[in-house]
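This report goes through one protein model, from its sheet to individual residues. Please look at the sequence and coordinates first.

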Amino acid sequence: MDKLMNDEKHYVTLNNYLRYKYHTKVARISLNAGLSCPNRDGKISYGGCIYCSSNLSGDFAGEKTKPFKDQFDDILSIMKLKWDTNTFIAYLQAGTNTYADIDKLRKIYTEILSINHNIKVLSIATRPDCINENVIELLKEINKSVEVWIELGLQTIHEKTALLINRGYQLNTFEYAMNLLNEANIKIIVHIINGLPFENKEMMIETVKYLNNYNLFGIKIHMLHIMKNTYLGNNLLKFKELGFNSLTINEFVDITTTQLRYLNTNTIIHRLTGDAPKDLLIEPTWTLKKFVVLNEIDKHMRKNKIYQGDLCIK
Ligand code: SF4
């Protein structure tokens with residue numbers, strides 16, 4: 001993948017990878033299957049992860065009451081104002097999209113893939129504790145006709161933080177799911193969050209170094225968003241009294257670019273910022289200027305002549 005880096009971008013972007021593979025702009029359409037999450041429906045807990053919004057972390061996905069075809073068309077009509085493309089990734093973002101019985105999951109995936117024959121990838125966001133052998137068999141079946149990506153929310157490798165954020169599973173559950181997916185040849189994208197309460201730079205770097213142990217297709221590095229109507233948002237003052245502060249943009253740039261240096265160049269960078277609805281975001285508000293954040297990352301890497309993987313021991 002090293003060849004996908006250039007003078008402008010010192011890391012392997014998803015955009016560059018997709019253009020190299022499909023020779024065109026590929027648009028991601030976020031759909032909502034209305035599936036729940038075991039960390040919200042009481043199977044594990046009712047509270048969910050402390051930063052989880054009422055939309056189950058799918059604030060920009062389609063409207064779940066509508067059929068998939070309508071969700072797809074709604075989003076496409078907006079996208080067409082920006083890009084003229086006919087190549088798509090269908091992305092099941094909100095909730096836990098392998099958390100239902102197998103027949104229901106098969107129906108969901110098949111229905112989505114029937115919307116448009118130019119859907120090249122079905123990308124499914126889920127939790128590691130919702131990957132099991134039955135799910136793997138279904139993913140293998142779908143993967144024969146259309147590429148399947150599984151997106152796993154890990155956030156951190158540190159058990160103490162995982163407990164604090166109420167993630168609801170331990171690291172060995174993640175490892176089990178990773179091994180099953182790797183053996184099944186399903187591409188995996190892992191989400192991590194920078195700026196989780198009481199994590200320092202070294203801990204965040206350790207999370208990335210650990211991920212090099214796996215055959216990882218992609219990574220999404222998010223900044224922690226503190227939003228209204230979440231546990232963290234409602235209890236922010238208490239966290240602050242205990243010494244928690246959101247990262248500044250400079251800290252985020254410093255930590256994220258160092259993480260990139262330790263990351264294997266086979267891993268594609270799917271995201272280095274996240275989206276939060278402006279009216280719900282409490283802090284940090286600098287994340288609303290995504291373009292500025294990405295620019296600062298690029299500038300920092302160019303100025304210091306650093307690249308993804310240049311500290312990675314292969
Ligand atoms: S796993 Fe995702 S959907 Fe479930 S509680 Fe956590 S953030 Fe929300």
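## Basis of the model

The model is predicted; local features need pLDDT of at least 70, side-chain atom pairs count only at pLDDT 80 or more, and totals for chains, interfaces and linings use all residues. Residue numbers start from 1 along each chain as its sequence is written.

Helices (H or I, at least four residues) and strands (E, at least two) are DSSP runs numbered from the N terminus.

## Sheet

An open sheet is formed by seven strands in the order β1-β2-β3-β4-β5-β6-β8, with parallel pairing. Two strands are taken to pair if DSSP finds at least two bridges between them. At the edges are β1 (27-31) and β8 (268-271), each of which pairs on one side only. From one strand to the next, the twist averages 25°; axes are lines fitted to C-alpha atoms, for helices over the stretch in contact, and angles run from 0 to 180 degrees between N-to-C directions.

Six bridges join β3 (residues 119-126) and β4 (residues 147-155) in the parallel sense. A125 has E151 in β4 as its bridge partner. Helix α1 (residues 14-22) lies across β3, β6 (218-223) and β8, and runs at about 115° to β8.

## Nonpolar core

In soluble globular proteins, nonpolar side chains tend to be buried together. Here the largest nonpolar core has 76 residues, of which L31, Y51, I112, I150, I188, V190 and I219 touch the most other members. Such a core is a set of buried Ala, Val, Leu, Ile, Met, Phe, Trp, Tyr and Cys residues joined through C-beta atoms within 7 Å. A residue is buried if 20 or more other C-beta atoms lie within 10 Å of its own, exposed if 12 or fewer, and partly exposed in between, with C-beta atoms placed from the backbone.

Apart from neighbours within four places in sequence, I112 is in contact with L31, F68, A90 and L122; contact requires C-beta atoms, placed from the backbone, to lie within 7 Å.

## Backbone geometry

Most residues other than glycine have a negative phi, and most peptide bonds are trans. The bond joining E283 and P284 is cis, with omega about -5°. P284 lies in the loop between β9 (281-283) and α11 (290-303).

N185 has a positive phi, near 60°, and lies in the loop between α6 (171-183) and β5 (187-194). N185 counts as exposed because it has 11 C-beta neighbours inside 10 Å. Phi of N229 is also positive, near 60°; this residue is in the loop between β7 (226-227) and α8 (231-234). With 10 other C-beta atoms within 10 Å, N229 is exposed.

A162 lies in α5 (residues 159-164) and is buried, as 20 other C-beta atoms fall within 10 Å. Beyond its neighbours within four places in sequence, A162 is in contact with T156 and R167. A162 and E147 are 15 residues apart along the chain, and their C-alpha atoms are separated by 31 Å.

V135, in α4 (residues 133-143), is buried with 23 other C-beta atoms within 10 Å. V135 and L181 are 46 residues apart in sequence and 9.9 Å apart in space, C-alpha to C-alpha.

Technical notes: Contact = placed C-beta atoms within 7 Å.
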